[in-house]
Amino acid sequence: MTEMLTKLWSAIGGLMLAYTMLQNFFPHEITTPIKHYSKKLLNFFYPYITITFPEYEADDDFQRSSSYASIKRYLNTLSSAQAKHLQASVAPDTDAVVLAMASNSSEEVADVFENIKLWWSSGETQPSSQTITFGPQEADKRFFSLTFHIRHRAAVCDRYLKHVLEQGKEIAVRERKRKLFTNSRENEGGGGSHFLRRRLWSEVVFDHPATFQTLAMDPEKKKGIIDDLTNFSESKDYYKSVGKAWKRGYLLYGPPGTGKSTMIAAMANLLQYDVYDLELTAVKDNTELRRLLIDTSSKSIIVIEDIDCSLVVTGQREKKEKDEKKEEEEKDPMKKMMMMGKEKKESEVTLSGLLNFIDGLWSACGGERIIVFTTNYVEKLDPALIRRGRMDQHIELSYCGYEAFRVLAKNYLDLEEHDLFGRIRELLGETKMTPADVAENLMPKVKGEDKEGCLMRLVEALVKVEEEEKLMAQKLAEEEEEEEKKKKENGVAENEQASSSRDGVVILNGA
């Protein structure tokens, strides 16, 4: 055994000496073909393929490769379970700690896909000491390497790599902090420089606690909405097969206080989407509206609340009034200057621009987006704006019913049954009270207030509303009766006047 090892080391030493001599004493024209054919010979006997994924793309020194980031998230579990040398980092927009193999640790982690075994490793190449570094790519070249048997080339290239990237992105989405965005006015956040790109959206962390479990709504209606949202999020291939952009529109309408904003928060929490709260009055024109759309991410909900109050809808109605005041304002120089400044800030977004925003060619950019409109007065909206295909689901959020009350009672008082529930059910059937008002009456006002006291406060509020509605109905009935009486009196007077006129005509004819 010792003799065999001695011979092996002697052979290795001889090869190294020969390689050194080849490098130092033979010209480049000879060594290059030898290296080339040596590699081909080695590849003929070596049945494994290696794919390298660099941290930075070759054509961009400052933008980190999305595939590298996805692979790093995918390998988090494998690395923490198998590797002995790990590097820890906190991913952006999240509190999750990502564990990766230490660079140049000579460690490998194994993965299995469709009974195929693969090996991942992490590497890093240091730049030369004489290299002047301008970007992160030159300063630090890190990469992941994937090694697998050559007979699995098709399965790895066609399915495994796609699986890794998709899983990595999903992990990043699940662990990231979701954001609530709002659009900025043209004169905000610029510092006056025309060379700096103005940020179209400002954001904060979205941490709204609303869920469908706590949403006060009829259970059957709630289930239908949840099923529709879930089906949309899982239908990428279906939308592509039917030739439609992967987006869906929801119109939420009903009186104030019925939970339209809460519904949006519950939708975002269910799907783990970001929320873009679009303020149309802050949008300069249709071009800027299109830029805002392009700057949104996939897996997002774009919200326009109180769409009936936007300039797109009310602008035409207000134009006549503005024209009537224009002449008077132009007479006063000070008012004229103020008006000119105001007109420059007004939005020039048109209904046509908004329609193109919803389902025009640009709406297909990105994908997996939900567009939500809310309104208190659905009858004021242009039919073209809310037709099916633009607003696919029309969801009415009305006054609180008994089933919605039960959800609120569970949320606020942890009650599922009580003797007063029957009385409350009767009153809710006879009165109109929004879920927001019901919740306010159920909420304890002092520490330690008993649950029955909260229910009694709600009963009293419902009785008061019922009495007010009866008085209002009585007042309306009296006004209608008075109006009808006046109509009859006016009719009698007109008949008498007409009769007198006829008599006068007869007398004149007799004369």
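**Entry 1: the seven-stranded sheet**

I started with an open sheet of seven strands, which run in the order β8-β7-β10-β11-β12-β9-β13 with mixed pairing. At its edges I found β8 (201–205) and β13 (393–396), each pairing on one side only. Neighbouring strands here are turned by 20° against each other on average, with direction ignored.

Some notes on what I'm looking at. This is a predicted model, in which local features need pLDDT of at least 70 and side-chain atom pairs count only at pLDDT 80 or more, while totals for chains, interfaces and linings use all residues. Residues are numbered from 1 along each chain as its sequence is written, and side-chain values use heavy atoms, with hydrogens and water left out.

Two strands count as paired if DSSP finds at least two bridges between them. For the angles, axes are lines fitted to C-alpha atoms (for helices, over the stretch in contact), and angles run from 0 to 180 degrees between N-to-C directions.

Then I looked at one pair inside this sheet. Strand β7 (residues 179–183) and strand β10 (residues 274–277) are parallel, with three bridges between them. I noted that Thr182 stands opposite Asp277 in β10.

**Entry 2: the four-stranded sheet**

I turned to another open sheet, with four strands in the order β1-β6-β5-β4 and antiparallel pairing. Which strands stand at its edges? They are β1 (48–54) and β4, each with a single partner strand, so one side of each has no neighbour in the sheet.

β1 and strand β6 (residues 141–149) run antiparallel and are joined by seven bridges. Ile49 has Phe148 in β6 as its bridge partner.

I also checked Lys117, which sits in strand β5. Lys117 is partly exposed, with a relative accessible area of 46%. (Buried means under 20% relative accessible area, exposed over 50%, and partly exposed in between, with a 1.4 Å probe and protein chains only.) Lys117 and His149 are 32 residues apart in sequence, and their C-alpha atoms are 8.3 Å apart in space.

**Entry 3: salt bridges**

How many salt bridges does the structure hold? I have 13 down. (The term means a side-chain nitrogen of Lys or Arg within 4 Å of a carboxyl oxygen of Asp or Glu.)

Arg159 pairs with Glu114, their closest N and O atoms being 3.0 Å apart. This pair links distant parts of the chain, 45 residues apart: Arg159 is in helix α5 (residues 153–175) and Glu114 in the loop between β4 (108–113) and β5 (116–125). Arg159 is partly exposed at 40% relative accessible area, and Glu114 is partly exposed at 45%.

Asp228 lies in helix α6 and Arg248 in strand β9, so their pairing ties together parts 20 residues apart in sequence.

Glu426 and Arg423 also form a salt bridge, with 3.6 Å between the closest N and O atoms. Both lie in helix α15 (residues 421–430), three residues apart, which is about one turn of the helix. Glu426 counts as partly exposed at 42% relative accessibility, and Arg423 does too at 34%.

I also noted a network of salt bridges that links Asp359, Arg387 and Arg390.

**Entry 4: a surface patch**

Last, I found a nonpolar surface patch of about 360 Å², made by Trp9, Ile12 and Met16. Patch residues have over 30% relative accessible area and no salt bridge; like charges are joined within 9 Å, and nonpolar side chains (Val, Leu, Ile, Met, Phe, Trp, Tyr) within 5 Å. The areas come from the Shrake-Rupley method with a 1.4 Å probe, and for residues only the protein chains shown count as cover. Ile12 lies in helix α1 (residues 2–25) and is partly exposed, with a relative accessible area of 32%.

Methods. Helices (H or I, at least four residues) and strands (E, at least two) are DSSP runs, numbered from the N terminus.
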